[in-house]
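This report covers pockets and helix packing in one protein model. The sequence and structure come first, and the computed geometry follows.

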Amino acid sequence: MIKNIEFYNTPDGQVCCKPLEEPMFILTEVHTILIADMLTMIQELYPAAFAALSELYSRSELNKNYYHYRMVHRFIRCNFGEYDALSIDVNANGHLRFEDVRCPLRGECPFERIICKPTLDTKLSEREMQVANLLVEGFTADEIGKELHISPHTVKRHIANIKTRLKLTHTHQIISKFSRDHE
């Protein structure tokens, strides 16, 4: 899961990544874990943006690493522009904080509100509902993984998605909300 990272754009079009308390690096195709995690987040939370990016870069689809890199690179460039150490772009909970990016196509871009500042899909998936219900029953992430036959990493990603979709910050808030919903 991506967390505690600041993204910013250089004048020549590169994307810089600055993880908290780590050195800055320029995003390239070799950053496959970051790219895969970011792409999963886009696909699950911003499906319209994912569909638009998939279509936009479909000519690169045969080179999977490059294709995924281009999709994530564009999403970051459109949503995280300036270096801002006071308000990190992906916080400790994995929530995204979009910025007003200076773009010469502002107001004319066909991808505004789709790729640029996309709309969050707030509907929980069936799997996220299962994870939330098991949290209410007192299961840990490891126990949920065993129960649903998924990895603990995937469980944590589902929990992060639930928090993002419902604008929550702590797992106990999920438990509280779903406990009330079951009363």
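## Pockets

The largest pocket has a volume of about 270 Å³. A pocket here is an open set of points on a 1 Å grid over the protein atoms alone, where a 1.4 Å probe fits, with protein on both sides within 12 Å along at least five of seven lines; lining residues have an atom within 4 Å of a point. The volume is the space filled by probe spheres set on the points, which are joined across faces, edges and corners. Lining the largest pocket are 15 residues, and the closest to its centre are Asn9, Arg77, Val101, Arg102 and Cys103. By class, this lining has seven nonpolar, four polar and four charged residues (Ala, Val, Leu, Ile, Met, Phe, Trp, Tyr, Cys and Pro count as nonpolar, Asp, Glu, Lys and Arg as charged, and the others, Gly among them, as polar).

The second largest pocket has a volume of about 150 Å³. Its lining consists of Tyr46, His95, Leu96, Phe98, Pro118, Leu120, Thr164, Lys167, Leu168 and Thr169, which divide into six nonpolar, three polar and one charged.

## Basis of the model

The model is predicted: local features need pLDDT of at least 70 and side-chain atom pairs count only at pLDDT 80 or more, while totals for chains, interfaces and linings use all residues. Residues are numbered from 1 along each chain as its sequence is written, and side-chain values use heavy atoms, with hydrogens and water left out.

Helix α1 (residues 32–45) packs against α2 at an angle of about 120°, with the axes 5 Å apart. Helices are DSSP runs (H or I, at least four residues) numbered from the N terminus; axes are lines fitted to C-alpha atoms over the stretch in contact, and angles run from 0 to 180 degrees between N-to-C directions. In α1, Leu39, Ile42, Gln43, Glu44 and Leu45 meet Pro47, Ala49, Phe50 and Leu53 of α2, contact meaning heavy atoms within 4.5 Å.

Helix α2 (residues 47–56) also packs with α3 (residues 64–79), at about 125° and with axes 10 Å apart. That angle makes α2 oblique to α3. Ala49, Phe50, Leu53, Ser54 and Leu56 of α2 touch Tyr67, Met71, Arg74 and Phe75 of α3; these contact residues comprise seven nonpolar, one polar and one charged.

## Helices α5 and α6

Helix α5 (residues 141–148) and helix α6 (residues 152–166) pack at about 110°, with axes 8 Å apart, and are therefore roughly perpendicular. Ala141, Asp142, Ile144 and Gly145 of α5 contact Pro152, Val155 and Lys156 of α6.

Conventions:
Helix = DSSP H or I, 4+ residues; strand = E, 2+ residues; numbered from the N terminus. Parallel < 35°, antiparallel > 145°, perpendicular 65-115°, else oblique.
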